[in-house]
Each structure stands twice: as structure tokens, then as C-alpha cells.
Amino acid sequence: MTHIRRIVMAGFAAGALLLAAAPVGGAAPCPEDLNGDNEVGFGDVLQVIANWGPCPEICPEDLSGNGVVDFADILFLISAWGPCP
Ligand SMILES: [Ca+2]
Ligand SMILES: [Ca+2]
């Protein structure tokens with residue numbers, strides 16, 4: 001009985017993780033828009049600077065995906081500067 005309960009709980013946990021990982025409204029069109037104002041701008045740069053350094057588990061500011069919020073992520077912002085597509 002405990003074994004079955006563990007399997008059910010593991011299933012719920014996996015489902016919750018999948019839901020958490022799924023971007024809202026399908027594919028994220030503008031991952032560089034960190035503050036959600038539908039454009040890549042100075043506010044997003046401030047958010048990167050505010051989270052500068054090694055990433056905790058969840059780190060949307062790490063746009064380059066190297067586990068650290070650093071100058072490379074600023075370059076990602078600059079390359080996507082302006083209104084989101
Ligand atoms: Ca923004
Ligand atoms: Ca990075």
C-alpha cells in the first residue's frame with residue numbers, strides 16, 4: 001500500500017514539474033523580456049544586474065544558460081533589444 005502511494009505521489013510530482021516547466025501560452029516568444037512588459041529594455045538589464053552571479057535552481061536571467069548571470073546575458077538582452085515579436 002505504501003509502495004502504491006509512493007508511485008502516485010511520484011506521478012503527481014512529475015506532473016507538477018512538467019506544468020511548472022511549460023511556458024505560459026506555448027513557446028516563449030521573448031525569453032529576454034524578464035520583467036514581462038513585452039519589450040526588452042533597461043528594466044530587464046536591471047533585473048540581470050540584480051541577479052548577478054551564480055544561479056540558484058531557477059534563474060530566468062541566465063539567458064546564455066551557463067549557470068551564471070554575467071555579461072554574456074547582457075549581450076543576449078542587447079541582441080534582442082526592443083519590442084517583443
Ligand atoms: Ca522587459
Ligand atoms: Ca549566463
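Biologist: Let's start with one residue. Between which two elements is the place of Asn 38?

Modeller: Helices (H or I, at least four residues) and strands (E, at least two) are DSSP runs, numbered from the N terminus. Helix H1 takes in residues 2-21 and strand E1 takes in 39-40. Asn 38 sits in the loop between H1 and E1.

Biologist: What kind of model is this, and what average pLDDT does the protein chain have?

Modeller: This is a predicted model, in which local features need pLDDT of at least 70, side-chain atom pairs count only at pLDDT 80 or more, and totals for chains, interfaces and linings use all residues. Residues are numbered from 1 along each chain as its sequence is written, while chains are lettered from A and ligands numbered from 1 in the order in which they are written. pLDDT is the predictor's confidence in each residue, from 0 to 100. In the protein chain, 67% of the residues score at least 70, and the average is 80.

Biologist: What pattern does the protein chain follow along the sequence?

Modeller: Three helices and four strands make up the list of elements in the protein chain. Reading along the sequence, you get α-β-α-β-β-α-β.

Biologist: How are H2 and H3 oriented relative to each other, roughly parallel or roughly antiparallel?

Modeller: Helix H2 (residues 42-50) packs with H3 at an angle of about 170°, and their axes are 10 Å apart. Axes are lines fitted to C-alpha atoms, for helices over the stretch in contact, and angles run from 0 to 180 degrees between N-to-C directions. Under 35 degrees counts as roughly parallel, over 145 as roughly antiparallel, 65 to 115 as roughly perpendicular and the rest as oblique. That angle therefore makes H2 and H3 roughly antiparallel.

Biologist: How many residues of the contact of H2 with H3 are nonpolar?

Modeller: Asp 44, Val 45 and Val 48 from H2 meet Asp 73, Ile 74 and Leu 77 from H3. Ala, Val, Leu, Ile, Met, Phe, Trp, Tyr, Cys and Pro count as nonpolar, Asp, Glu, Lys and Arg as charged, and the others, Gly among them, as polar. Two residues of this contact are charged, none is polar, and the nonpolar ones number four.

Biologist: Which residues does Val 45 touch, not counting those up to four places away in sequence?

Modeller: Val 45 lies in helix H2. It has 16 other C-beta atoms within 10 Å, so it is partly exposed. With those up to four places away in sequence left out, Val 45 touches Ile 74 and Leu 77.

Biologist: How far apart in space are Leu 34 and Glu 61, C-alpha to C-alpha?

Modeller: Leu 34 is in the loop between H1 and E1, and it is buried because 22 other C-beta atoms lie within 10 Å. Beyond four places in sequence, its contacts are Asp 44, Gln 47, Pro 60 and Glu 61. Leu 34 and Glu 61 are 27 residues apart in sequence, yet C-alpha to C-alpha the gap is 6.9 Å.

Biologist: And Phe 76, is that buried or partly exposed?

Modeller: Phe 76 is in helix H3 (residues 71-79) and touches Glu 32, Leu 63 and Ser 64, leaving out residues up to four places away. With 19 other C-beta atoms within 10 Å, Phe 76 is therefore partly exposed.

Key. Buried ≥ 20, exposed ≤ 12 C-beta atoms within 10 Å, placed from the backbone. Contact = placed C-beta atoms within 7 Å.
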